[in-house]
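Reader: Could you walk me through this structure, one feature at a time? I am new to it.

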Amino acid sequence: MQWPGAYCDTKQHRCCYPKTGKPAADFGIHGMWPNYNDGSWPSNCDPDSVFSVHEISDLMGRLQKEWPSLSCPSSNGNRFWSHEWEKHGTCSEQQLDQHDYFEAGLKLKEKANLLNVLRTAGIEPNDNFYSLEKIEDAITEGIGHAPGIECNKDSEGNSQLYQVYLCVDTSGSDFIDCPKLPRGRCATNVQFAKF
């Protein structure tokens with residue numbers, strides 16, 4: 001999951017709100033990516049399985065809210081979701097069809113409730129700095145499994161909480177311990193940017 005405040009407050013790329021407007025100040029889903037136990041991952045597993053808006057039409061409102069695209073130019077999200085399905089979702093097709101893949105991502109976001117987990121530990125998106133260890137401990141306690149944390153840098157060079165990786169079982173329904181935790185370059189103390 002991705003923190004929009006850090007995505008939009010960086011040198012690496014510009015941020016454009018979706019056509020539906022500025023997303024809520026909450027973690028958004030970046031993707032659900034099948035991985036091997038060694039941390040590597042497959043991609044583009046079935047070129048014949050193309051994204052279809054019709055397959056997920058009943059999820060559209062929730063996807064626009066919970067799985068928004070912040071890349072430019074502004075969009076309705078279809079290009080982003082198409083990329084996520086074709087690159088990653090097709091590699092989970094034996095377990096989850098297109099609808100189930102996106103629905104599983106939405107259910108996992110709700111189950112994790114990351115912003116609430118962090119707030120319960122006194123960690124707020126207010127531009128303050130928090131120890132990386134405190135962030136990791138809060139998420140581990142709230143979810144029951146250790147997260148992978150990725151940081152980026154803002155225009156002033158501050159290390160910011162950018163993405164939180166959580167591992168799930170092959171059914172896409174339960175959190176599990178990551179066989180190999182992804183690691184981003186984070187300082188000892190990281191900023192939780194406003195959005």
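**Reading the annotated site and its surroundings**

Author: Happy to. Start with His30: apart from neighbours within four places in sequence, His30 is in contact with Met1, Gln2, Trp67, Phe80, Glu84 and Gln163, where contact means heavy atoms within 4.5 Å. This is a predicted model, in which local features need pLDDT of at least 70 and side-chain atom pairs count only at pLDDT 80 or more, while totals for chains, interfaces and linings use all residues. Residues are numbered from 1 along each chain as its sequence is written, and side-chain values use heavy atoms, with hydrogens and water left out.

Reader: Which residues does UniProt place under "active site"?

Author: The unreviewed UniProt entry lists His30, Glu84 and His88; such positions follow the numbering used here, feature names are shortened, and annotations may be inferred rather than shown by experiment. The residues are spread over 59 residues of sequence, yet they cluster in space, with a largest C-alpha distance of 11.3 Å.

Reader: Where does Glu84 lie?

Author: Helices are DSSP runs (H or I, at least four residues), as strands are (E, at least two), numbered from the N terminus. Glu84 belongs to helix α3, residues 78-87, whereas His30 sits in the loop between α1 (4-8) and α2 (60-66).

Reader: How do α3 and α4 pack?

Author: Axes are lines fitted to C-alpha atoms, for helices over the stretch in contact, and angles run from 0 to 180 degrees between N-to-C directions. Here α3 and helix α4 (residues 98-112) meet at about 110°, with axes 11 Å apart. Angles under 35 degrees count as roughly parallel, over 145 as roughly antiparallel, 65 to 115 as roughly perpendicular and the rest as oblique, so α3 and α4 are roughly perpendicular. Trp81, Glu84 and Trp85 of α3 touch Gln98, Tyr101 and Phe102 of α4.
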